[in-house]
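Have the sequence and the 3D view ready.

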Amino acid sequence: MVLEESDSELTAGDAAPAFELEGADGETYTLESFTGNDALLLVFTCNHCPYAKAKFDLLNDLAAEYDDVAVVGINSNDAEEYPEDSLEKMREYVDEGTIQYDAYLRDESQEVARKYGAVCTPDPFLFERDDGEFRLVYQGRLDDALNPEDEPTRFHVREAIEAVLAGDSVDLEWRPSQGCSIKWTDE
């Protein structure tokens with residue numbers, strides 16, 4: 001397991017790159033699928049990484065708690081080398097209720113992860129809808145628990161979401177997300 005820290009290509013104010021991905025529910029999703037929300041939290045994640053698993057409950061809670069925020073997981077891992085991360089397993093996680101995000105998407109080509117500059121799981125990107133376009137307002141840690149077994153005491157992503165929903169700017173230092181490296185197909 002390689003521990004990675006995210007250092008995204010995107011910067012504050014950048015528009016969210018477009019995508020079209022299959023969801024674990026069999027539907028196809030694009031950025032436009034979420035335009036009814038004030039904010040979009042995209043989290044590059046997977047099924048098998050202990051760092052990603054440690055955040056399932058937090059992401060499920062955020063999806064349930066904030067009606068105006070779409071919480072979307074994107075799994076870009078090489079499912080051939082890591083069968084636990086296959087679309088079939090994603091469906092199982094959703095069907096059994098382990099994952100209850102607004103959408104859980106499969107990035108088979110890994111093109112979306114590359115466009116966003118995602119490098120680890122979990123790697124969160126929070127966008128605010130501004131004039132019909134999602135613009136990046138926060139990219140960094142979900143909380144201050146750096147290891148899967150740690151209990152968080154501060155939830156950075158919740159602070160960022162609260163600021164967006166209050167119409168305030170997100171005044172948080174962008175500390176790199178930490179987790180397992182995305183399992184690229186060409187490495």
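How many of the seven residues of strand β4 (residues 39-45) are buried? Seven of the seven are, so β4 is largely enclosed by the rest of the structure. Here, buried means under 20% relative accessible area, with exposed over 50% and partly exposed in between (1.4 Å probe, protein chains only). Strands (E, at least two residues) and helices (H or I, at least four) are DSSP runs, numbered from the N terminus.

## Before you go on

This is a predicted model, where local features need pLDDT of at least 70 and side-chain atom pairs count only at pLDDT 80 or more, while totals for chains, interfaces and linings use all residues. Residues are numbered from 1 along each chain as its sequence is written, and side-chain values use heavy atoms, leaving out hydrogens and water.

## A strand covered on both sides

In a regular strand the side chains alternate between the two faces of the sheet. For β4, one side carries A39, L41, V43 and T45, the other L40, L42 and F44, and all of these are buried.

Now look at the neighbours (two strands pair if DSSP finds at least two bridges between them). With strand β5 (residues 69-75), β4 pairs in the parallel sense over seven bridges; in β5, V72 is the bridge partner of L42. Strand β8 (residues 123-130) runs antiparallel to β4, and six bridges join them. Over in β8, D123 stands opposite F44.

## Rings that meet

Searching the whole structure turns up eight aromatic pairs. Rings of Phe, Tyr and Trp (its six-membered ring) pair if their centres lie within 6.5 Å; planes under 30 degrees apart count as stacked, over 60 as edge-to-face and the rest as tilted. One of the pairs is F44 with F125: the ring centres are 5.7 Å apart and the planes sit at 80 degrees, so this pair is edge-to-face. F44 lies in β4 and F125 in β8, so the pair ties together parts that are 81 residues apart in sequence. F44 counts as buried at 1% relative accessibility, and F125 does too, at 0%.

Y101 and Y104 are edge-to-face as well, because their ring centres are 5.7 Å apart and their planes at 80 degrees. Y101 is buried at 9% relative accessibility, and Y104 is buried at 3%. Back at F44, ring pairs link F44, Y116, F125 and F127 into a cluster.

## A charge over a ring

What sits over the ring of F155? The charged end of R158 does, 5.9 Å from the ring's centre. To count, NZ of Lys or CZ of Arg must be within 6 Å of the ring centre and within 35 degrees of the ring normal.
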